[in-house]
Amino acid sequence: MNRNKIWKGFALVLALVMFLSACAGSGSTTNSTNSSNTGSSNTGSTGSTNTDSGSNAAPQTPEPAEPPTITVYASDFAKVTPTDHDADPTIQYMREKSGINVQMVFVANSNYTEQMQLKFASGEYPDAFQSSGINNGAAALAVEMLLPLNDLIEQYGPNLKKNIPQEAWDAVTLNGQILGIPAPSEVKSSRILFIRKDWLDKLGLDYPKTSEEYLDVLRAFRDNDLNGNGEKDEIPFSTRQGFNWVMDAIWGMWGLSPSAGFEYNGEVIPGFAHPRFKEPLRFVQTMYQEGLMDSEFLTNSSSIWAQKFESGRVGSYGYMPSAAWAFHKRMVDATPDQGINMMTMPTPRGTGWDGPVGATFSTISQSYHVMNTAKDPVAVVKFFDWLFSEEGQIFTDLGLEGLNYKIENGKIVYDEATEVEHETQWRATLKMHGHNPVTLEAKYPGEAGEKLARGLEISHSEGFDSLTLNMPPMDAELQNVLFNSWQERAAEIVVNNEPVENWDKFIEEVWRKQGGNDLIKAMTDWVNSNK
Amino acid sequence: MKIKASLPERIFDVFNIIILCLAALTIIIPVLHVLAGSLSSTNALIHSKVGIFPVDFNLDNYFLVMQNQVFWNSFKVSFFVVAVGTALNMVMTLVTAYPLSKGYLKGRYAILLFIVFTMIFSAPMIPNYILVKELGLMNTLWSLIVPPALSAFNLILCVTFFRSLPEELFEAARVDGMSEYRILWKIAVPLSMPIMVTLILFYAVSHWNSYFSALIYITNRSLYPLQLYLYNLLAEANALDNYRGISMVENWNTSPQGLQMASIVVATAPIVMIYPFLQKHFIKGALIGSLKE
């Protein structure tokens with residue numbers, strides 16, 4: 001009897017607690033979705049937000065028909081995103097001008113792909129989402145769910161057709177079906193060398209044109225106490241751990257890139273397996289043995305690497321051409337008293353090599369994809385077509401007139417500080433167009449523009465093709481063979497000063513047997529059936 | 001009456017102390033470095049001049065953090081989650097543990113077995129995600145509070161502790177006409193202060209430190225808890241790596257290191273400051289729970 005009572009009471013309290021928390025939960029749900037508009041597309045909340053924004057907009061722009069609504073998932077690129085989308089002037093402008101009620105959902109940049117995988121797996125499908133091509137990132141996880149856009153682009157995408165070059169379309173095309181909207185790359189050759197122009201000037205030297213001259217310049221950087229602190233702490237060349245991609249331009253002096261595909265003896269082989277790879281390897285060995293290379297180059301993390309050049313001790317390093325201004329600025333901001341002048345330079349020509357130098361071409365910088373569950377794919381295509389229009393390009397690059405820029409005497413005056421102030425940096429996530437000289441000049445006037453223009457110009461004048469550019473990722477084992485299998489041996493040869501001729505022996509006798517042959521076969525087969 | 005230690009014993013002690021001190025140093029030095037970095041100038045940090053003592057001592061970083069609206073907003077969110085979450089945790093744990101500690105409850109082993117089962121075989125991420133989504137908790141703070149409302153491990157600690165209380169006390173209370181809820185509240189809880197404090201600390205710290213559920217359930221920036229804010233801040237610093245493959249003309253400027261360090265200090269301090277006050281109970285509680293069964 002007594003026990004029975006206890007149980008009833010217990011059940012009652014439990015029910016009460018659950019009821020209360022459920023109430024509180026649902027109350028908060030409606031609140032937050034109304035204020036932020038980030039509710040998932042297939043719950044009822046989107047409906048209510050529609051009417052909300054409709055009634056908000058009604059007094060200003062009376063529209064007869066409700067604009068179509070699309071949900072777009074994108075990375076926040078680690079920038080601040082607006083808290084209240086319906087009150088944010090930048091988002092309002094974008095919706096008004098494109099005529100599409102875009103519901104942006106920003107996903108944290110650092111785990112973007114993993115989080116999209118989770119959403120796909122749980123049946124949460126946005127109308128469109130961001131990726132980097134169909135072979136990488138989020139799109140690779142849902143290729144069979146991507147909507148072919150050939151007809152829609154033909155019909156609704158005049159700006160897309162006008163502004164996107166064929167090689168960018170190729171990066172999102174599978175068996176003739178266009179599975180996404182690519183953002184054409186602003187750069188061509190994807191990596192570039194940076195050098196301290198102020199140090200070159202102090203020494204009365206010019207930009208090195210050959211690998212030998214480059215070594216001489218680095219030797220001069222080593223010996224002349226160019227930062228003037230009386231210590232021999234200059235690092236002529238620095239790079240990041242694991243023969244990181246930032247040193248691609250070094251291999252590029254001999255027209256190679258380690259993980260790109262090259263034809264040799266009727267096979268397609270990765271760059272590091274090419275016999276010519278010995279030349280840049282010898283170059284790196286010389287740099288290391290003569291103290292021209294950062295002695296910690298095998299362990300530098302990206303932040304330590306950045307710290308080294310920001311403190312004004314590094315003479316030369318490699319990175320992307322598009323950072324031509326940003327990296328100079330970072331260095332000057334961090335070390336203002338040295339008169340730092342960081343410049344990009346054309347890739348020196350390797351001794352004995354007369355082919356193209358530089359790095360592999362990059363074709364796209366990102367892409368968006370429409371899912372076949374989208375209710376209104378036409379609206380998605382129209383929205384991205386707007387982003388490629390002149391108005392849309394100015395919007396993604398420069399923001400809103402009056403908010404981020406103003407027009408004085410017919411010239412655009414852009415204020416970078418407003419981006420942080422009004423929390424509008426997230427627009428970068430929707431930047432789809434390639435090189436636009438008008439916005440570039442407005443965004444980076446004076447020295448900044450000159451440095452950038454030089455970097456982009458060099459990038460467009462060099463570089464080479466990788467035969468396996470759009471090849472989908474292979475299984476994990478072959479990926480590992482492609483990216484990691486060669487590094488340990490290469491590091492041994494460089495650090496222990498072994499004859500580089502050992503490299504051929506390693507490739508032929510060891511590497512090929514340990515998965516190399518499988519990799520070469522996979523690459524060759526893919527190229528034969530796709531090119 | 002001390003027994004004099006033999007020579008080998010003393011040598012062993014010396015080595016023991018040295019090794020333990022080294023182990024402690026590996027933990028303390030990074031903390032000191034972050035603390036020193038947060039009090040130094042950005043310039044000194046970039047030029048790697050900061051060890052464990054501040055260089056160019058200043059409080060600028062802290063002023064900047066204090067002025068940052070986003071930071072305080074996240075701070076409030078975290079505070080709310082810790083307060084409400086821990087309160088709900090405690091209620092759930094107590095009302096579940098008390099009956100399960102009673103020998104006369106039929107089927108309590110079956111119930112306990114089910115609970116222990118969830119400790120060993122827990123649902124992976126995707127079913128959890130679907131559950132939270134279907135419950136309509138996405139993008140609400142309840143998604144951080146309701147799923148971890150009851151921790152199986154903490155529940156077992158609590159059940160074990162309750163079992164150690166003499167049943168005669170409860171019998172006496174019942175004879176005097178107390179209801180079971182009053183018994184729980186007036187007798188069981190006050191007698192179990194060590195385990196209460198321990199559980200509060202366990203729950204509060206796990207709420208304070210949790211960022212992963214917020215990372216996957218919350219996309220609305222105004223609902224980011226503090227740890228996710230920090231996570232993004234540090235991820236931004238490593239954005240150099242994340243931009244692999246994306247080559248846009250964007251400035252790669254990141255928040256200065258000193259600012260990040262100050263944010264870490266401010267975000268960690270509150271939970272660290274709780275420990276000294278609770279430590280006495282904490283050690284006792286954790287020990288009692290672990291030894292009895």
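**View 1. The interface between domain 1 and domain 2 of chain A in this predicted model.** Domain 1 of chain A and domain 2 of chain A bury about 320 Å² between them, and 42% of this area lies on carbon and sulfur atoms. Buried area is the accessible area (1.4 Å probe) that two parts lose on being put together, summed over both. On the side of domain 1 of chain A, the residues that lose the most area to domain 2 of chain A are Asn135(A), Asp170(A) and Ala171(A), which together account for 84% of what that side buries. The model is predicted: local features need pLDDT of at least 70, side-chain atom pairs count only at pLDDT 80 or more, and totals for chains, interfaces and linings use all residues. Residues are numbered from 1 along each chain as its sequence is written, chains are lettered from A in the order in which they are written, and side-chain values use heavy atoms, with hydrogens and water left out.

**View 2. Domain bounds and contacts in chain A.** The assignment, which is automatic or from a database, divides chain A into domain 1 (69–185 + 364–433) and domain 2 (192–360 + 464–529). The C-alpha centres of these two domains of chain A are 33 Å apart. Their contact (heavy atoms within 4.5 Å) involves 4 residues from domain 1 of chain A and 4 residues from domain 2 of chain A.

**View 3. Salt bridges between the domains of chain A.** Between domain 1 of chain A and domain 2 of chain A, 0 salt bridges are counted. A salt bridge requires a side-chain nitrogen of Lys or Arg within 4 Å of a carboxyl oxygen of Asp or Glu.

**View 4. The interface between domain 1 and domain 2 of chain B.** In chain B, domain 1 covers 1–58 and domain 2 covers 68–291. Contact joins 7 residues of domain 1 of chain B with 7 residues of domain 2 of chain B. The two domains of chain B bury about 560 Å² between them, with 81% of it on carbon and sulfur atoms. In domain 1 of chain B, Val34(B), Ser38(B) and Leu45(B) lose the most area to domain 2 of chain B, together 65% of what that side buries. The count of salt bridges between these domains of chain B is 0.
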